[in-house]
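Reader: I would like to go through one structure by question and answer. Please show it.

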Amino acid sequence: MNKQVIAEKPANNKVKSMVSIGASSCGIAAGAEEVYKTFADEIKKAGLDVELKKCGCLGMCSAEPLVEVAIPGKPSVIYGKVTKEIAARITADHLVKGLVLKENVFEINKGKQLKIVLRNCGVIDPESIDEYISREGYDALNKAITQMTPEAAIEELKKSGLRGRGGAGFPTWMKWSLTRASKGEIKYIICNGDEGDPGAYMDRSVLEGDPHSVLEGLIIGGFCAGASQGFFYIRAEYPLAIDRIQKAIDQAYARGFLGKNILGSKFSFDVEIRLGAGAFVCGEETSLIASIEGESGRPRQRPPYPSERGLWGKPTMINNVETLANIPVIFLRGGDWFAEIGTEKSKGTKVFAVTGKVKDSGLVEVPMGTTIREIVFDICGGIAGKKKIKAVQTGGPSGGVIPENHLDTPVDYDNLQKLGSIMGSGGMIVMDETDCMVDISKFYLGFCVDESCGKCAPCKIGGYQMLKILEKISEGKGQLSDLELLKNLCQTMQKTSFCGLGQTASNPVLSTLRYFESEYKEHIEEKKCRSHKCSGLLNYRIVEEKCKLCGLCQKNCPTEAVEGSRDKGYKIIKSKCIKCGRCYDVCRFDAVHKG
Ligand SMILES: Cc1cc2nc3c(=O)[nH]c(=O)nc-3n(C[C@H](O)[C@H](O)[C@H](O)COP(=O)(O)O)c2cc1C
Ligand code: SF4
Ligand code: SF4
């Protein structure tokens, strides 16, 4: 089987030309609806017989709205940053005359990508079950429930080697098998669509761009576990994802993929959506269960694990969105096919949301084992501007930073863990020289302190104390002994916190200390922040030799800290300066020194 087959878009065999507009949240925010309307009007005006459709995220969010034009017999063309005006020109030139608008073409680097999870995102209309079915949709469900026993299906999944994409990387087949083996007539399966990590939006994009694939994975999971009821737990801040999943559920009921005796089998299965209020801790499986039960979203003692005693005390299987989106493909192509992709212990692909100081930010899906450097430079175009890359953060608040000299590490669960980070759910934030590592660890720890549910002291009090120490260091008031104290607190939190939030909250602090301890020491001993991020350590002064006496800094200073005149020259009064940096930003002669 050619692995690339699934990555390719289908040739446009339709007789009609087709215009597809990326209309996920990112596309809509950039103006996709307006662009859609313009195309609709212009195509009508020109009297063209062109199929116009909205699809999911095409990948490169920084170039939204993205539009793909496919004319039968010709290679399809993707346009980026499409405005109303460009949409009108595409209609007049490309659709009518066949002339490509070269300056607006956006090259999506597909070379190193392999799209399994994102196979339909940006290709099909997510609100059309017929388009999903035309791409082998629900064939895997049919195969599983009409040709396989649940045990045989779990064996097939075992062959694939799929591990959970929600963070912990637990073998998916084992979770399914444990839930199946648990005693009880009533069992549940939950799709975890909480996605609370800052910088992560992979799950949202899959829910918005290809809702049926996640639903199909959930139904197959229900069949294998012996569950009769499934839930989507999605945060309320994801209205488009919720809307599209609800439409997918309704359509699946209407076609007999949900409900009683699915496809004429003995298997009956229902699905409902539950909304989360947007608390990070509710992504942790026992908190998520409490939240669905109507309790406040706080973690519960494990064991017993949810596979034994979960929702309303019944055996419950919880899987991440991306995990479930892999399932239909595994059953269609076979476990062995899937296991050929990736590394020895991490099979398949991983979707990353690459953001930060990178040129082309967006969603990429690569085989496990692709290096971080390949993701950042070959796929995402490298660093924006002329700065140098400093580190890449993976795994969100539970992860850590990976410095430049480790960028050739092949990405998989074990390699990232060895480096002191984790795969997490797939957020990847690229950092350059202007990012300060003390500031980064302050940001992630601050997030966990805000999101701590307050149930246990190590997380509630330990996290807060650590944050105070980091703040002290960033203000130039730290001592060297603080570094040891930080390390001790990190270890205590890891060992004694009740749930994963507190157990992993110190990872960003530990990893920045591991690779960038000298930067911490600079803040403490030299009272210097080399990245100029820690405002407490910043001083602004006017360099007399460079100053052209234009007076712009004085006009723009909100606290009248710039004193002087065109005749006498200007200087910044330290006691009045609030370090907002306005003077530095407005000076056109590089005469304000920051340091
Ligand atoms: C604080 C915290 C937040 C989490 N957030 C999520 C989340 O948003 N989505 C998710 O799938 N898993 C999240 N997890 C992991 C889940 O608890 C669980 O392991 C996962 O949903 C299992 O699915 P998987 O085996 O398919 O990965 C979180 C864990 C912790 C400790
Ligand atoms: S570690 Fe403790 S306080 Fe922190 S979120 Fe978990 S249970 Fe709540
Ligand atoms: S803006 Fe720059 S050049 Fe103008 S007065 Fe201020 S320091 Fe001098």
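Reader: In which loop does T343 lie?
Author: The model is predicted, with local features needing pLDDT of at least 70 and side-chain atom pairs pLDDT 80 or more, while totals for chains, interfaces and linings use all residues. Residues are numbered from 1 along each chain as written, ligands are numbered from 1 and chains lettered from A in the order written, and side-chain values use heavy atoms without hydrogens and water. Helices (H or I, at least four residues) and strands (E, at least two) are DSSP runs numbered from the N terminus. T343 lies in the loop between α13 (335-339) and β9 (349-356).

Reader: Is T343 buried or exposed?
Author: Buried means under 20% relative accessible area, exposed over 50%, and partly exposed in between (1.4 Å probe, protein chains only). T343 has a relative accessible area of 18%, so T343 is buried.

Reader: With which side chain does the side chain of T343 make a polar contact?
Author: Contact means heavy atoms within 4.5 Å. Leaving aside neighbours within four places in sequence, T343 is in contact with M368, G369 and D412. A polar contact is a pair of N or O atoms within 3.5 Å; within protein, one must be able to donate a hydrogen and the other to accept it, and residues adjacent in sequence count only if both atoms are side-chain atoms. At 3.1 Å, the partner of the T343 side chain is the side chain of D412.

Reader: Which residues come nearest ligand 2?
Author: A residue is near a molecule if one of its heavy atoms lies within 4 Å of it. Of the 13 residues around ligand 2, the nearest are C453, K455, C456, C459 and C499.
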